[in-house]
Amino acid sequence: MVTPYANPSRYSLRPVFDPKHDHVFALGSMLFFGEGVPAADYQSSRALFQRCHQLKYGPCSTMLGNIYQQGTGVASNGRHAIGYWRHAAYACETNAQLSLAHSFFKGENSSQDFGRALAWVYVAAELAPNAETDYAKQLLESHLDEAKQA
C-alpha cells in the first residue's frame, strides 16, 4: 500500500469502525448541523469531536479539521486543520485524505507539495468507494492541469 508517511508503529492504515464512538460522533454531528436540536451548538459538538479525536477515532478528527479550516465556532486555523486531517487520514478517512491532497496541491495551510498531494490522492483512491475514487481522480486531473498552465 502506498503511504505518504510510512511509520507503521504510529498509525494503522485500516478502516476504523468503533461502535463505542460512533454514537458520540453522531451526537456531535447532530449538534454541529442543528439536526434534532433547536439550534446548532458548535462548542458542544467540537468538545465531543475533540474527545473522540483523543481516542484516535478518525471521523471526529476529520470533522475537527473541517471546523478549523472553515472557522466554524472557532478562529480559522489552517495548521490545526492539517494536523487533524493528518490523524484522520491515517485512520483511513478518505475525506481527510482528499482534504490533505487539496491543501498540498493548492499550497493552502502548508507549502505547495505535489508529491505529498499525489500520494494522498493515490491512498484515497485505493481505499475509497467508487464515487470518492472518481472525485479523487478528478481532483488530481484538475490540479495537474492548473499546474501545467502555471
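## Helices α5 and α6

In this predicted model, α5 passes α6 in a left-handed crossing, the near helix being turned anticlockwise from the far one by less than a right angle. Helix α5 covers residues 94–106 and helix α6 residues 114–127, and their axes, which come within 8 Å, cross at roughly 160° (lines fitted to C-alpha atoms over the stretch in contact, with angles running from 0 to 180 degrees between N-to-C directions). That makes α5 roughly antiparallel to α6, a term for angles over 145 degrees.

Residues of α5, including Leu-98, Ala-101, Phe-104 and Phe-105, meet residues of α6, among them Phe-114, Arg-116, Trp-120 and Leu-127, where contact means heavy atoms within 4.5 Å. By class, this contact of α5 with α6 has 13 nonpolar, two polar and one charged residues, with Gly counted as polar and Asp, Glu, Lys and Arg as charged.

## Helices α3 and α4

The axes of helix α3 (residues 58–70) and helix α4 (residues 78–89) come within 8 Å and cross at roughly 165°, and the two helices are therefore roughly antiparallel to each other. Here α3 passes α4 in a left-handed crossing.

On the α3 side, Gly-58, Ser-61, Leu-64 and Tyr-68 are among the residues that meet α4, whose contacting residues include His-80, Tyr-84, Trp-85 and His-87. The contact of α3 with α4 has six nonpolar, nine polar and no charged residues.

## Basis of the description

Residues are numbered from 1 along each chain as its sequence is written, and side-chain values use heavy atoms, with hydrogens and water left out. Local features need pLDDT of at least 70 and side-chain atom pairs count only at pLDDT 80 or more, whereas totals for chains, interfaces and linings use all residues.

Notes:
Helices (H or I, at least four residues) and strands (E, at least two) are DSSP runs, numbered from the N terminus. Angles under 35 degrees count as roughly parallel, over 145 as roughly antiparallel, 65 to 115 as roughly perpendicular and the rest as oblique.
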